[in-house]
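Please have the model open in a viewer that can select residues by number. The tour below goes from one selection to the next.

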Amino acid sequence: KVQYLDPAVQAQHQTTHDVMVIGRHEQHGYLLLLNNRSYGKEFRLPCGKFEHHKIGGEGYYAVAKIAAIREMMWQTGMKLTPSRFKRIYFPAHIQERLGNKVFFEVALHDEDSLEDGDGETAMSGEQDFWLRLAHNDGYTFHKDLRHAVSALQGTSRTMARALLATEAMYRPETCCLGGVMVKMARKVCDFCGWP
């Protein structure tokens, strides 16, 4: 059964891409935003959309980075410099499964906390880190990668899989560990149920 998709809608889908930010605090762990829904808690990474006419290339990733900076500032109140947003280079077979989604990582530090009283306190007890939230009910940090993945699993399997796949990511400064990363990528695929 083939479902008809209006050509205008199809063209829009081809130019609309997702950007997601994995923020990791040096002591508290992975930053997850929280929304309380009637069916329970919904966790997610800071994320948003951006427009570009094709996938890939310098221009594509430059626009994605601008969107990542914008979404992080809008959703958390943190004004972080562009140099702190590092693109995540997943192994090709993992990126293929993630499709038109671009991920950045940001190292968070105590000095990124907003002024006391300007935002919300973290629900996991990190009372000394403050954010100003837009359209979110709260936030939390998860020290353990697998706990963060588990929290995301109910909301977005893509976010959960991507966060888990960061165990197998490529960084230019660690390219010499290619063999280790291939093994880690295989573990991630097995865990996620990917062939």
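Which charged end sits over the ring of Tyr61? Select Arg87 and Tyr61: the charged end of Arg87 sits over that ring, 3.6 Å from its centre. A charge counts as over a ring if NZ of Lys or CZ of Arg is within 6 Å of the ring centre and within 35 degrees of the ring normal. Arg24 is placed over the ring of Tyr30 in this sense, 5.3 Å from the centre.

Before going on, note that this is a predicted model, in which local features need pLDDT of at least 70 and side-chain atom pairs count only at pLDDT 80 or more, while totals for chains, interfaces and linings use all residues. Residues are numbered from 1 along each chain as its sequence is written, and side-chain values use heavy atoms, with hydrogens and water left out.

Next, select residues 58–76, which are helix H2. Helices (H or I, at least four residues) and strands (E, at least two) are DSSP runs, numbered from the N terminus. H2 has 19 residues and spans 27 Å from its first C-alpha to its last, close to the 27 Å expected at 1.5 Å a residue; the expected span is 1.5 Å times one less than the number of residues.

Colour the buried residues of H2, among them Tyr60, Ala64, Ala68 and Met72. Buried means under 20% relative accessible area, exposed over 50%, and partly exposed in between (1.4 Å probe, protein chains only). Seen down the axis of H2, its buried residues fall within an arc of 135°, so they line one face of the helix. The arc is that of the directions from the helix axis to the C-beta atoms. Glu58 and Ile66 are exposed on the face turned away from the buried side. Strands E1 (16–25) and E2 (29–37) are included in what covers the buried residues of H2. Just after H2, Gly77 has a positive phi of about 85°.

Now go to His52, in the loop between E4 and H2. His52 counts as buried because its relative accessibility is 14%. Its contacts (heavy atoms within 4.5 Å) include Tyr60 and Val63, leaving aside residues up to four places away in sequence.

Finish with the rings of Phe, Tyr and Trp (its six-membered ring), which pair if their centres lie within 6.5 Å; planes under 30 degrees apart count as stacked, over 60 as edge-to-face and the rest as tilted. The count is 5 aromatic pairs. Phe90 and Phe103 are edge-to-face, 5.7 Å centre to centre with 85° between the planes.
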